[in-house]
Amino acid sequence: MAQDLQSFIEFLEKHHPDEVLRIKREVDPVYEATAILWRLERERRFPLVIFENIKGSDIPCVTNVHASFPRLAMAIGLEPTATPRDFVLEYMRREDKAIPPKLVDSGAVKDVVITGDDVDVTKLPMLKYHELDSGQVDPGFEDLRGRYITLGYDTMRDPDTGVANVGIYRLQAKSRNKFGIQISETAHGHYIMQKNLKHGRPTPMAVFNGVHPAVELGCLSFTGIDVDEFTIAGAMLGEPLEMVKCETIDLEVPAWAEIVLECEIHPTEREPEAPFGEYPGTYGPERNNPVVYCKAITMRRNAHYHSSYVGHRDNLLLSGVTRNSQIYKTCRIASGGVKAVYVPPSGRSRYICYVQMEKLIEGDPKNAAMAAFTADPFLKYVVVVDDDVDITSDADVWHAIATRVRFDTDAFVVTNSRGSPLDPASYDPAGGSHLVTKVGIDATRKANYPREISTPGVDEVDLDELFGDLWRRVRQD
């Protein structure tokens, strides 16, 4: 299986050309690129978009890769018609068969090697996404204000165990070789950084950008801190992920990445970083955050930079689909009647979960809801429905809530629970509080539920046969 982003793009252009949109004219990285993406989203269109000519950079910018669920399904070898349940089961099957990475002597990411005073991250087509995105920059670099790397996979190594860890932490550009970084206190990278800080030493961090989406899906698997996410990336590929050693730090990175930044997180330097428009759809506040120095850049000769539009479908879907597997496994422990789970984009792909189950005994739905909260601490609302409800449809779930719930007996509330420090509904969002209120809802049918309306033969109706070309044109529109 190909391990690089450009091969995935070539696959789409050959077999699914409507999935890719190339924009050849010059586009401003400040607001214009993301305004185009937002307008496409309003029109309910989610192509992979390649900005071939970003003002101020010679490197094309690839965006919206993850905005389509069928593309994520195709990334792990499923048909574009696969359902979210199909995806979860296949992802889970692969996730349970980790494949260690393979160290190779060299790779495409070593085509160009830049070190020392030649390092200049301002040549990357970093975008400014939202109106109030900002953050302190060094004198003479005002044009960088509010420019971020949003899809850098930040690789660190636990100094105690030697296990590699991968996470996405936003990087705010400050100068030619300097960033600010936001690492949530609940992230594994935070624990690794703190271990180094105790000894007063910097934290080596390699930032790789632009890989095959299967690699991304593996690196975002919900694993413990002692699991090397590169082994899960290999599982998604079905073969070992090829890795190469960095030039200036003791870390390995994917050999087929588009771009790698070799960095160190300074042990003591802190500077204001943000505000920045985050995934909940609100701005994360300015904080005194660690400073990162870039020591080297390596890249492919024809490198493509990969950007993710935070707070929008491209960003949300990628985060959501990788959460479902762990939630499903945990819910199945609580009740064997659980059939599927879904973390919908309507809940920012983090805060809401729908659980579909065959209710065998009363009480099972609430057990399943509690299990979901255990599996993913960011969840705030878990709704459990019967197995006839389409959990990919918000409307169907709300129909179940409206007609099958007595709130005083079918719901439970837990206060002062751990959630996301970026949650705007936390107890102190300005202060970065992670404490939230959680609600579980049993929206299954209860005893003596009235008979529901139905019409025989609906599934046997063939609209193509009935209406022919007229129906096909309507369906396309």
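Reader: What makes helix α7 (residues 229-237) count as mostly covered?

Author: In this predicted model, 9 of the 9 residues of α7 are buried. The word applies to residues with under 20% relative accessible area, and E229, F230, T231, I232, A233, G234, A235, M236 and L237 are the buried residues of α7.

Reader: How do you know that D228 caps the N-terminal end of α7?

Author: A side-chain oxygen of D228 lies 2.8 Å from the backbone nitrogen of F230. A polar contact requires a pair of N or O atoms within 3.5 Å, and the 2.8 Å pair of D228 and F230 therefore meets that limit. After α7 comes G238, whose phi is positive, near 85°.

Reader: Why is D442 called buried?

Author: D442 has a relative accessibility of 5%. The cut-off for buried is under 20%, so D442, at 5%, counts as buried. D442 lies in strand β23 (residues 435-442). Leaving aside residues up to four places away in sequence, D442 touches P365, V384, R404, V405 and D410.

Reader: How do you know that the side chain of D442 makes a polar contact with the side chain of T444?

Author: The two side chains make this contact at 2.5 Å, and the limit for a polar contact is 3.5 Å. The side chain of T444 also makes a polar contact with the side chain of K359, at 3.0 Å.

Reader: Where is K359 placed, and what lies 2.6 Å from a polar atom of its side chain?

Author: K359 is in the loop between β20 (352-357) and α9 (364-375). The backbone oxygen of R445 lies 2.6 Å from a polar atom of the K359 side chain. Apart from neighbours within four places in sequence, K359 is in contact with P365, T444, R445 and K446.

Reader: Why is Y31 called partly exposed, and why is N416 called exposed?

Author: Y31 has a relative accessible area of 33%. Partly exposed covers values between the 20% limit for buried and the 50% limit for exposed, so Y31, at 33%, is partly exposed. N416 has 52% relative accessibility; exposed means over 50%, and N416 therefore counts as exposed.

Reader: Which kind of peptide bond joins A274 and P275, cis or trans?

Author: The bond is cis, with omega about 10°. Most peptide bonds are trans. P275 is found in the loop between β14 (259-273) and β15 (276-277).

Reader: How do you know that the radius of gyration of the protein agrees with that of a compact globule?

Author: A compact globule of 477 residues would have a radius of gyration near 23 Å, and the protein has 23 Å, so the two values agree. The C-alpha atoms fill a box of roughly 75 × 55 × 45 Å along the principal axes. Buried residues make up 56% of the 477 residues.

Reader: How many helices and strands are there in the protein?

Author: The protein has 12 helices and 23 strands. Among its contacts with a separation of 6 or more, 70% are between residues 24 or more positions apart.

Key. Residues numbered from 1 in each chain as written. Predicted model: local features only at pLDDT ≥ 70, side-chain atom pairs only at ≥ 80, totals over all residues. Heavy atoms only, no water. Helix = DSSP H or I, 4+ residues; strand = E, 2+ residues; numbered from the N terminus. Rg over C-alpha atoms; globule rule 2.2 N^0.38 Å. Buried < 20%, exposed > 50% of the residue type's maximum accessible area, 1.4 Å probe, protein only. Contact = heavy atoms within 4.5 Å. Polar contact = N/O pair within 3.5 Å; in protein donor to acceptor, adjacent residues only side chain to side chain.
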